[in-house]
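Here is a colleague's note for someone opening this structure for the first time. Please keep the sequence and the model side by side while going through the numbered points.

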Amino acid sequence: MKTRNRCVLGLLCFVTSYVFFSQGSLSAQKYIDLAHWFNLIGAVFLCSFNEVFPKKNKLHAVAAVLTGIGVVAHIALCTIDFIMWSFGDDAIGRNALREQISNTPLILYPFVIVGPSMLFIGLAAHALNFIKTNPISALMVLLGGPFVGLSYFIWNNGYLMLASCVVFATGLALVLYRNEIQIIRNGKLE
């Protein structure tokens, strides 16, 4: 599979996971936790952005490391969430696990709070390379990522979280296909 196709698949899976997340209670997913499966698969494929962008500067190197850390953290977070989901209707067991994780900073911060954000930060750093040539697409990524986190952690608004993820993913797709878009624009201008 071509690298750009892996990137697109990652974006599609990632946005699909946020469609599920925006619906609220994930315990309604009886047989399989589709939200976290899509999120896990999407995050793994989003690592392909490290390969597809030109490796021309130090910003790319930093972005690649941050993206990689974010992917690892997403894998860990999805694993934790799969375990949470497995409790089903057992709220006492789920709350005990949630409390244990909250009381374990070496799990809470790298795999729940800070680590997953690194995926958004890393991809935003990749987009920053295109701020001069593709400012609107880059700004979509740079603004969409933080709003995903704000809408989840601060405002607890699933629909805003989904909209932010769509803006973020659309910006990445526009940066990914920037050359093809430019060819189409030039063809229409002639």
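1. Helices here are DSSP runs of type H or I with at least four residues, strands are runs of type E with at least two, and both are numbered from the N terminus. The model is a predicted one, in which local features need pLDDT of at least 70 and side-chain atom pairs count only at pLDDT 80 or more, while totals for chains, interfaces and linings use all residues. Residues are numbered from 1 along each chain as its sequence is written, and side-chain values use heavy atoms, with hydrogens and water left out.

2. The nonpolar patch on the surface is formed by Leu139, Leu143, Phe147, Leu150, Tyr152, Phe153, Ile154, Trp155 and Leu160, which together have about 880 Å² of accessible area. Helix H8 gives the most to this patch, with seven residues. A patch is made of residues with over 30% relative accessible area and no salt bridge, with nonpolar side chains (Val, Leu, Ile, Met, Phe, Trp, Tyr) joined within 5 Å and like charges within 9 Å. The areas come from the Shrake-Rupley method with a 1.4 Å probe, and for residues only the protein chains shown count as cover.

3. Leucine 143, one of the patch residues, has its place in helix H8, and it counts as exposed because its relative accessibility is 52%. The word exposed stands for over 50% relative accessible area, buried for under 20%, and partly exposed for what lies in between (1.4 Å probe, protein chains only).

4. Which loop holds asparagine 156? Asparagine 156 lies in the loop between H8 and H9, and at a relative accessible area of 66% it is exposed. Asparagine 156 also has a positive phi of about 50 degrees, although it is not a glycine. Most residues other than glycine have a negative phi.

5. The largest pocket holds about 1,200 Å³ of space. Of the 41 residues that line it, the closest to its centre are Phe21, His36, Leu77, Asp81 and Tyr152; Tyr152 is also listed in the nonpolar patch. A pocket is found on a 1 Å grid over the protein atoms alone, as an open set of points where a 1.4 Å probe fits, with protein on both sides within 12 Å along at least five of seven lines, and its lining residues have an atom within 4 Å of a point. Grid points are joined across faces, edges and corners, and a volume is the space filled by probe spheres set on the points.

6. At least two residues of this lining come from each of several helices, among them H1 (3-22), H2 (34-46), H4 (58-86) and H9 (158-176), while H8 gives the most, with eight residues. The lining divides into 22 nonpolar, 15 polar and four charged residues. In this division Ala, Val, Leu, Ile, Met, Phe, Trp, Tyr, Cys and Pro count as nonpolar, Asp, Glu, Lys and Arg as charged, and the others, Gly among them, as polar.

7. The second largest pocket holds about 160 Å³ of space, and its lining includes Thr133, Pro135, Leu174, Arg178 and Arg185. The elements that give two or more residues to this lining are H8 and helix H10 (178-189), with H10 giving the most, four residues. Four nonpolar, four polar and two charged residues make up the lining.

8. How many salt bridges does a search of the whole structure find? The search finds two, a salt bridge being a side-chain nitrogen of Lys or Arg within 4 Å of a carboxyl oxygen of Asp or Glu. In one of them arginine 4 pairs with glutamate 180, with the closest N and O atoms 2.6 Å apart; since arginine 4 lies in helix H1 and glutamate 180 in helix H10, the pair ties together parts that are 176 residues apart in sequence. Arginine 4 is partly exposed at 26% relative accessibility, and glutamate 180 is partly exposed at 31%.

9. Arginine 6 and glutamate 51 also meet in a salt bridge, at 2.9 Å from N to O. This pair links distant parts of the chain, with arginine 6 in helix H1 and glutamate 51 in helix H3 (residues 49-52), 45 residues apart. Glutamate 51 is partly exposed, with a relative accessible area of 46%.
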